[in-house]
Structure formats: C-alpha cells, structure tokens
Amino acid sequence: TKLASVLAFDLGASSGRALIGELLPHTGSGQPKLKVTEIHRFPNQPIAVHGHLHWDILRLLQELKTAIRKAFQEGYAPQTFGIDTWGVDFGLLDANGELLGNPYHYRDPQTEGIIEELVNLIGKDSLYEQGGLQFMPFNTVNQLYAMKKAASPKLTAASTLLLTPDLLAYFLTGEKVCEFTMATTTQLFGPKEQKWNTALMEKLGIPSQIFLEPIHPGTRIGPLTPEVCEELDVPPIEAIAVGTHDTESAVAAVPATGEEEFAYLVCGTWSLLGTELERPLVTPEAMALDFSNEGGVGGTYQLLKNIMGLWILQECKREWDEQGDGVSFAELVLQAERAEPFRSLIHPDDPSFYAPSGMIARIQSYCRETSQTVPLTKGELARCVLESLALRYRQALEQMEALTGQSFNGLHMVGGGIQNELLCRFTANAIGRPVWTGPVEASAIGNMLMQLVALGECSSLQDARQLVAASFPIETYDPAQTDEWNAAFETFKRLSEPQ
Ligand code: ADP
Ligand code: LRH
C-alpha cells in the first residue's frame, strides 16, 4: 500500500520551513510512526517603509512555491499540504480578488495606544467578555481599528479579509476560506456565541462583510491552481485547512498522552504557556490575569498566556549581528551559562520590550531604573533574559492553576526554543517540577496531524498525539537548586506588574 505523505508549511515570525511527513505502517506489535524530513527553510524578515512595518508576503509565497517544486524533485509525493503561520495578521482583497497592498506586520506602530482607546470606547469588561483574549496590541481588532482611524483606502476598498495562512492558501489554490483557529485570534470572533461579532465591528466602523464564515481544521480547501501546477511542474495536490494558527498546531503535537489535564509551553519568538480546555474560560478572574482563550483543533479551547518570549534574545542577537559582532544562539547560551546567576532580572512582558530595535539599551535601562546591576556582556544579557523568562513561566503557570483549579505535575515544552537547553533547565528549576521537551518542530508536526485526520489516517486528536509520542523522543529536565530559584522568584515578583 502507498504511504500517506503530506507537506507542512510552518511560518513563524522569525523563519519559515517546509517539512514532509510520511506515515510509516506499524511493524509487528509496534505503533505506526511519523517520519519527518525538512526540505526547505527560509528567513522571514519584516520590511520597514515610511514608518510602517510589513511582511514580505510575495517573497513568502515564492518560498512556498520553491518548497513544493523541491518536494517533487526530491522524489516525495505528498497528497496534500497545509499552511500554518503566526496569529492575527491578514491581507485584504479587492473585488477582483487582488491583494490590496502589503500586509502589515503585527509589530507595526499603528496599533500604539489603540487598546486604551478601545477600552475607553467599549469598556474593558465588555471587550474581554466579547473576545476572550489577552489585551495584546497586535490583536486584529486593534489593527483594523487603527486602519479605520487612519481612513485607510485599503479598508474601504476591501471585499474580503484573509488571515495570513488563508491568504497564502488562496494564492496557491484560488479558494478563499477562513480557518477557525486563526479567526479566534482576531478578538472579533465571539468565543461564547461561536460567531463573528458583527455588533462590535459595526460599532468600530470595521466592515463586517469582509469576513468569511469560519471552517474547522481538517476541512479540504482545494487543489493547486492549474497555473501553479504548470509553473512548478507538479500534480494538483490539495490544500487542507489545518490548525492554521501555529500555536494551535504546536499544541496539537504536544505528546501528552497519559494526562487528562496538562500544561504546555510553546517556545519560539513568543512563549505561549497554556492548558487545553473543552470550552473557553471567559471569567472576570481570567480577565484580571489577562489570559487568552484561543480556539484549538479538535473542538478544544486553549487557555493561555502570551509571554514576550525569545523575541527579546532574537533582537539582541540581531543587534550584535548588525554590528559585525555576530553570534549564534548556541554560543549565546554557552556564554549565558558562564555568567553569574541572578544578577539582574527583567519583566519580559514590560511593554518596552515589544517594539523592534534598541533591545540591548532597553534591557539595560530597565535594570538601571529598577536599581539592579546593569548587564553588559553578551553572557550577562542572555542570562538576564533567560532567567527572567523562566521566572515568568512559573508565575504564569501558578496563575493558570489558580484560574483552572488544576495542579500540573510538570510542563511540556515544544518549539524551536527547546534547543536552548539552558532555558529548559532554568524552567524546570523555576517551576520546581519536571519539564518534558519535544518535539522541536511541533507546529509543522501538528499541521501534518490535521492533514492525516483529513485523509482518514488518524481518527482523533488523541490518536494523533499517540503518534507523536511514538515517533519523537522526549527529554526530561528535573528541577534543581530550588531554594535559589524560590528566592529569585520573590525578587521577580517585586518587579512584576500585578498580573
Ligand atoms: P518562531 O516563533 O519564529 O517559529 P522558532 O520556534 O523557530 O520560532 O524558535 C526560534 C527560537 O529558537 C530562536 O529565537 C532561538 O532563541 C531558539 N533557537 C533556535 N536554534 C537554537 C539553538 N541552536 N540553540 C539555542 N536556541 C535556539
Ligand atoms: C506565535 C504566535 C502567537 C501570537 C503571535 C502573533 O507564533 O502565533 O500565538 O498570536 O504569534
């Protein structure tokens, strides 16, 4: 029999990749296994123009095309493909189906101060009640309201809004869809009503007719267009709507098979710490702690905290690279390990760390303003960031326990950040519980799993997680130095905002 073979595109804020997944039949009493091969990887670099920050969307499309061609040239024969990307961002199409301008990057400064305006206009309780999301400047509603305020002709001319993964799928298939998990990152989709919040759109002057009815992960979108097939010399493989929000695909690939309730940390540019629920938890307590409720695959809801994450370190690295003093992440981790512990701490979610550029100076002034030793060397800066992140994870984990009434006996970590073994160790120490890591390419694997569900090769999310557990090694980090980390946590909490 023919092996099931699928192609996953996973685009994060810092890089994109294409991976082939092949389902190997079970041997003897063994389980079936998923074999994963990376065929293409590319950087994802935002571009600044006249004070706006954009994604280079056509470049990303070109990288997807390159990967499709490569897959077939290298002898793979995927039946389907799926695309997942970072949340919240979108492109607008005109009535002829053409893209109106370059999509904005979620860190575009247009959203500065918009949360405050919306809170004044609608009320904080009401906004949270209606959208169930953490108040993040990048939420789609803030971006659209900023465009509305700027009287953007693009918004007036728009016929259809496509979120980034749906936009890329449209470029390749000609089919316009709106996938559910991405829809739930907009703050314009009601988690209770499970409908677009047209009343809020009308109130804010956001055109409601540009939103399509969401479809659920596992739905077929359609084949590559004849032009794309001809251009790339490939057969018309079919696009599947996967968990197109990368975080949700990553959660689908968390190999939590034995536990009813589990805590996870999707660790990449952002750190998403959460737990899987059957329904959203939109309560005053969840609002007070500013947790998100995001739609997941397989009918789940994810209660999670969006933490600034390795972005802070990425930006420091970029600065050193640009100064001709380049350094790899592996080297940074080594230098951090040699630096003195607990010399200075930051609150990673301080708004001053959100925008691009000048990160080193911003960390230093944070430390200066909080009367701490100012980190100077690469090792000191990296150590400060990594210890602070680990402590923030503990705080978010404890908050999540308070909200759900669950207690978690450890933390599953997935994503590119788990290659940073020091961070994994620090996290186990900070939470005083084991950390289980793997797989690194969780988003791409979760993307594949929903394609396998659509192809009838996996029957459920549970079944799919079993496949991940059987296919990829999991490493365990046991906690150590608990007293030192407890003491550091007390210091950290004094730095923190109330949440
Ligand atoms: P994205 O959210 O952009 O998809 P990834 O999941 O690819 O992010 O994770 C990228 C992060 O992983 C980088 O910011 C870096 O901190 C970390 N990382 C990648 N490779 C290594 C490595 N070899 N050693 C330590 N950390 C690494
Ligand atoms: C992580 C992520 C996260 C947020 C942010 C914009 O890649 O998707 O869940 O939505 O990007």
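These are my notebook entries on a predicted model.

**Setting up**

I number residues from 1 along each chain as its sequence is written, and letter chains from A and number ligands from 1 in the order in which they are written. Since the model is predicted, local features need pLDDT of at least 70, side-chain atom pairs count only at pLDDT 80 or more, and totals for chains, interfaces and linings use all residues. My helices (H or I, at least four residues) and strands (E, at least two) are DSSP runs, numbered from the N terminus.

**Entry: the core**

I started with the largest nonpolar core, which has 137 residues. By nonpolar core I mean a set of buried Ala, Val, Leu, Ile, Met, Phe, Trp, Tyr and Cys residues joined through C-beta atoms within 7 Å. Buried means that 20 or more other C-beta atoms lie within 10 Å of the residue's own; exposed means 12 or fewer, partly exposed is in between, and C-beta atoms are placed from the backbone. V414 and L449 have the most contacts inside this core. Helix α15 (residues 378-404) gives the largest share of the core, 12 residues. A reminder to myself: in soluble globular proteins, nonpolar side chains tend to be buried together.

Which residues does V414 touch? Leaving out residues up to four places away in sequence, I listed A250, A253, V254, Y264, V266, C267, G438, P439 and A442. Contact here means C-beta atoms, placed from the backbone, within 7 Å.

**Entry: the strands around V414**

V414 belongs to strand β17 (residues 411-414), where L411 and M413 point one way and H412 and V414 the other. All four of these are buried. I then looked up the strand pairing (at least two DSSP bridges between two strands). Strand β13 (residues 263-267) runs parallel to β17, joined by three bridges, and V266 has V414 as its bridge partner. Another three bridges join β17 to strand β18 (residues 435-437), also in parallel, with H412 opposite W436.

β17, helix α16 (residues 421-431) and β18 form a right-handed β-α-β unit. Right-handed means that, with the strands pointing away from the viewer, the path from the first strand over the helix to the second runs clockwise.

P439, one of the contacts of V414, sits in the loop between β18 and α17 (442-454). The peptide bond from G438 to P439 is cis, with omega near -5°.

Helix α12 (residues 311-322) has 12 residues and spans 16 Å from its first C-alpha to its last, close to the 16 Å expected at 1.5 Å a residue. The expected span is 1.5 Å times one less than the number of residues. I found W311, I312, L313, C316 and K317 buried in α12. Their cover includes α13 (329-338), α14 (359-369) and α15. G324 follows the helix with a positive phi near 75°.

**Entry: helix α6**

Helix α6 (residues 164-173) is largely enclosed by the rest of the structure, because 10 of its 10 residues are buried. D166 lies in α6 and is buried, with 29 other C-beta atoms within 10 Å. Beyond four places in sequence, D166 touches V177, C178, E179, M182 and T244. The C-alpha atoms of D166 and I83 are 8.0 Å apart, although 83 residues separate them along the chain. Just after α6, G174 has a positive phi of about 80°.

**Entry: S15**

S15 is in strand β2 (residues 15-24). S15 counts as partly exposed because it has 15 C-beta neighbours inside 10 Å. Outside four places in sequence, S15 contacts R41, F42, P43 and N44.

Most residues other than glycine have a negative phi, and most peptide bonds are trans. V88 has a positive phi near 65° and sits in the loop between β6 (80-85) and β7 (90-93). V88 counts as buried, with 21 C-beta neighbours inside 10 Å. F342 also has a positive phi, about 45°, in the loop between α13 and α14. F342 is partly exposed, with 16 other C-beta atoms within 10 Å.

Note on methods:
Two residues are in contact if their C-beta atoms, placed from the backbone, lie within 7 Å.
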